[in-house]
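Work through the exercises below with the model open. Each task is followed by its solution.

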Amino acid sequence: MISDFERRKAKYAPIAQTLHAVFGRPTWRQSLPPLDELIDCILSQSTTDLNKDRAFAALKARFASWEQVMNAPLEAVIETIRPSGLAHQKAPVIQDVLRRIYVERGEMNIDFLADVPLDEAKAWLTSFKGVGPKTAAIVLCFGFNRPAFPVDTHIHRVGQRIGFLPANISADKAHPVMESIVPPEAHYEFHLNLIRLGREICQARRPKCELCPLTAHCDYYKSMTYGES
Ligand code: SF4
């Protein structure tokens, strides 16, 4: 376990309460079927949401089903997802994922992940080449409302500044830490509220601490104000 864990964990309750008061309490809704969520996440790697959305929409427009994407010539998939960048890497990953799902499950969906133990579901997802802890957590949290906490670039940065996470921890290693800090039933809403804070206030280049409701709980703010760490 990480150093100073109890102090980090104690930050959760007051911060969750403050974010509820400021941003509200998001309730889970499935925006994409789980397999679509998985492909969408693969497309999202190292690109913007806008470019990922363009590539995903192009894939859906060109191919009528995931079976057709699986069976298409690789070049056709590369060409279709080009807006997402890294198309030469992502296209074979997508086709390999689809092929394995089809062979293993006998059908083109991953709905069985709703019913297997969480650790097993994570291990299955991360056994695919090109699928890491963040993608697995997004599929489980957003696709199924299961208690997995995705650590993207916003959560990683904000989590480190606030002090949920140690300064030197990688995003991949931060997943189990955030899952130990945030109660399972709150993963979805806390994830969304922390991302919103990261996008609107605790931005990468310059955090707008003067507008932030979390100054009383933030290690970075204390270190800048009082020289503490
Ligand atoms: S006080 Fe500043 S550094 Fe801390 S979470 Fe708020 S914006 Fe980010």
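**Exercise 1. Domains**

Task: How far apart are the centres of domain 1 and domain 2, and what joins them?

Solution. Start with the centres. Taken over C-alpha atoms, those of domain 1 and domain 2 are separated by 28 Å. Next, the bounds. Domain 1 covers 5–27 + 150–226 and domain 2 covers 34–144; such bounds come from an automatic or database domain assignment. The model is predicted: local features need pLDDT of at least 70, side-chain atom pairs count only at pLDDT 80 or more, and totals for chains, interfaces and linings use all residues. Residues are numbered from 1 along each chain as its sequence is written.

Now the contacts (C-beta atoms, placed from the backbone, within 7 Å). Nine residues of domain 1 touch six residues of domain 2. On the domain 1 side, α11 (171–181) and α12 (187–200) are the elements that give two or more residues. By class, that side has four nonpolar, three polar and two charged residues. Ala, Val, Leu, Ile, Met, Phe, Trp, Tyr, Cys and Pro count as nonpolar, Asp, Glu, Lys and Arg as charged, and the others, Gly among them, as polar.

**Exercise 2. Overall fold**

Task: How many helices and strands does the protein chain have?

Solution. Count DSSP runs: helices are H or I, at least four residues, strands are E, at least two, and both are numbered from the N terminus. The protein chain has 13 helices and zero strands. Its C-alpha atoms fill a box of roughly 60 × 35 × 30 Å along the principal axes. Of contacts between residues at least 6 apart in sequence, 64% join residues at least 24 apart.

**Exercise 3. The core**

Task: Which residues have the most contacts inside the largest nonpolar core?

Solution. First define burial. A residue is buried if 20 or more other C-beta atoms (placed from the backbone) lie within 10 Å of its own, exposed if 12 or fewer, and partly exposed in between. A nonpolar core is a set of buried Ala, Val, Leu, Ile, Met, Phe, Trp, Tyr and Cys residues joined through C-beta atoms within 7 Å.

The largest such core has 53 residues, and I94, V139, L140, C141 and M178 have the most contacts inside it. Helix α9 (residues 133–144) gives the most, with eight residues. Domain 1 and domain 2 each supply at least three residues. Beyond its neighbours within four places in sequence, I94 is in contact with I39, I42, V69 and V77.

**Exercise 4. The ligand shell**

Task: Which residues of the shell are closest to the ligand?

Solution. The shell has 14 residues, with C202, P207, C209, C212 and C218 closest. Both α10 (153–162) and α13 (219–226) give two or more. The largest share, three residues, comes from α10. By class, the shell has 11 nonpolar, one polar and two charged residues.

Conventions: Contact = placed C-beta atoms within 7 Å. Near = placed C-beta within 6 Å.
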